[in-house]
Amino acid sequence: MIWERKTIGELCTISKGDIGISNAVEGEFPLVVTSEERKSHNEYQFDDEAVIIPLVSSTGHGHRSLKRIHYQKGKFAVGSILCAVIPKDKTILNTQYLYRYLCFNKEKELVSRMRGMANVTLPIKEIAKVEIPLPPVDEQLKFVEEYSILEYTNGELNIEITHQLDLVKQLRQAFLREAMQGKLVKQNPKDEPASELLARIKAEKEQLIKDKKIKKGKATGQSVSLIENITIPETWRWCKTDDIFFVTKLAGFEYTKYISLKKEGEVPVVRAQNVRPYKLKMDNLLYIDRETSDLLSRCALVKESLLVTFIGAGIGDVARFEEKRRWHLAPNVAKLEPFEECQDLMNLKFLNYFLMSDFGREEIFKHVKATAQPSLSMGTIRDIDLPFPPLNEQNRIVIKLDELMQYCDQLEGSITKSQAQNEMLLQQVLREALEPEEVEA
């Protein structure tokens, strides 16, 4: 099989959109923009069938990216940061074939041609250079039909896979709900009562305040709210975060030093994007130098603690810090650190599991301040209510939950692997359809 190749410039007209998206006037005609959903305009620019390609990066300054291209027919308008590619002779090049080909080869044929360091754009002259394999039109139509069937089948499989992943999430939460109501493992009357553990922690905290090693944190005084939603065993007790943790963040003056003096070095910094369930996400870590680290010593992480994102997109996300070397907090992450002699009186993994559960998430978000930018203050974090079982029971629950969460991880991994294999199969079928054994230049 030998297919001719021609450039888009030879086969198509390429016209830049002329509608400033912010200045569009709502009307009867579709307005194609960079997002998937169309806007509308009171005038149309084209009355045809076209492939619409964005001319700017989808992910901001300095990155080459196109999330999507579009197919549109009839009367429509196009935003000024996109262009319409319209075949000159549809008996030679089918528009939907062109659209499918460019969707499949978007990274190779379009993203690779983007230019610029800060403002990354795709020049029209570069689009014109893209070569298209040109089988007969009946073969193009056959490809479009087969692509549509594969796309539909793949979509149905992805819906089922998404459903299965949702079921795994529900299973995780079912295990966590059982655990946080004392139903996952048996209670043992010989365990040291939770009330005595809390009394020992309280005494240690009071001594640290008396010795001026820590300051007494100010809570907001909100009442315990979860007692109405969760029934806990008689051997458990409710406590406030403030009762068992030293809660703090990067102070204002330290933040000034942080942004003015930080230099790249070897000391890791926990940012909101690193705070994820179970454990810290180690991708894209920020590092600072020793000089800056010494200036930020009050917010150093040196022992096992819980971390909470208190402002921004990840607000309410919680992770457990368990590294053995010195780390630091970014300005949007708070730490919940056990008092000096109390780390062995609680299992932080149990408390982390609670804050990961639906019960814990509900409790956290009851304390979020509803402002223009929702946030948690240190005072509201100190008021978060926590169930506190006897220590031995905390340990038994953690052992069982670790086992159950690992089971859920295996299920999720198997489903995700099936999803990846399905996608690879689709890509292979399409590649074979678009890459004949020999192509005539």
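Tutor: Leu82 touches Lys16, Gly17, Val32, Val33, Thr34, Ile52, Ile53, Pro54, Leu55 and His70, not counting residues up to four places away in sequence; contact here means heavy atoms within 4.5 Å. Leu82 counts as buried because its relative accessibility is 0%; buried means under 20% relative accessible area, exposed over 50%, and partly exposed in between, with a 1.4 Å probe and protein chains only. This is a predicted model, in which local features need pLDDT of at least 70 and side-chain atom pairs count only at pLDDT 80 or more, whereas totals for chains, interfaces and linings use all residues. Residues are numbered from 1 along each chain as its sequence is written, and side-chain values use heavy atoms, with hydrogens and water left out.

Leu82 lies in strand 7. Helices (H or I, at least four residues) and strands (E, at least two) are DSSP runs, numbered from the N terminus. Strand 7 (residues 82-87) runs antiparallel to strand 5 (residues 46-54), and 4 bridges join them. Within strand 7, Val85 stands opposite Val51. Two strands pair if DSSP finds at least two bridges between them. The sheet to consider next is open, has 6 strands in the order 2-7-5-6-3-4, and shows mixed pairing. Its edges are strand 2 (12-16) and strand 4 (39-41), each of which pairs on one side only. On average, neighbouring strands of this sheet are turned by 45 degrees against each other, direction ignored. Helix 2 (residues 95-104) lies across strand 2, strand 5, strand 6 (70-78) and strand 7, and runs at about 10 degrees to strand 5. Such axes are lines fitted to C-alpha atoms, for helices over the stretch in contact, and angles run from 0 to 180 degrees between N-to-C directions.

Cysteines deserve a word as well. Cys83 counts as buried because its relative accessibility is 0%, and Cys342 is likewise buried, with a relative accessible area of 1%. A search of the whole structure finds 0 disulfides, a disulfide being a pair of cysteine sulfur atoms within 2.5 Å.

A nonpolar core is a set of buried Ala, Val, Leu, Ile, Met, Phe, Trp, Tyr and Cys residues joined through side-chain atoms within 4.5 Å. The largest has 57 residues, of which Ile244, Phe245, Ile381, Leu386, Phe388 and Leu401 touch the most other members. Helix 13 (residues 391-434) supplies the largest share of this core, 8 residues. A second, separate core of 29 residues includes Leu98, Val130, Ile132 and Leu134. In soluble globular proteins, nonpolar side chains tend to be buried together.

Lys212 is exposed, with a relative accessible area of 75%, and lies in the loop between helix 6 (194-210) and strand 9 (237-240). Although Lys212 is not a glycine, its phi is positive, at about 60 degrees.

For the chain overall, there are 13 helices and 19 strands, and buried residues make up 46% of the 441 residues. Among contacts between residues at least 6 apart in sequence, 80% join residues at least 24 apart.
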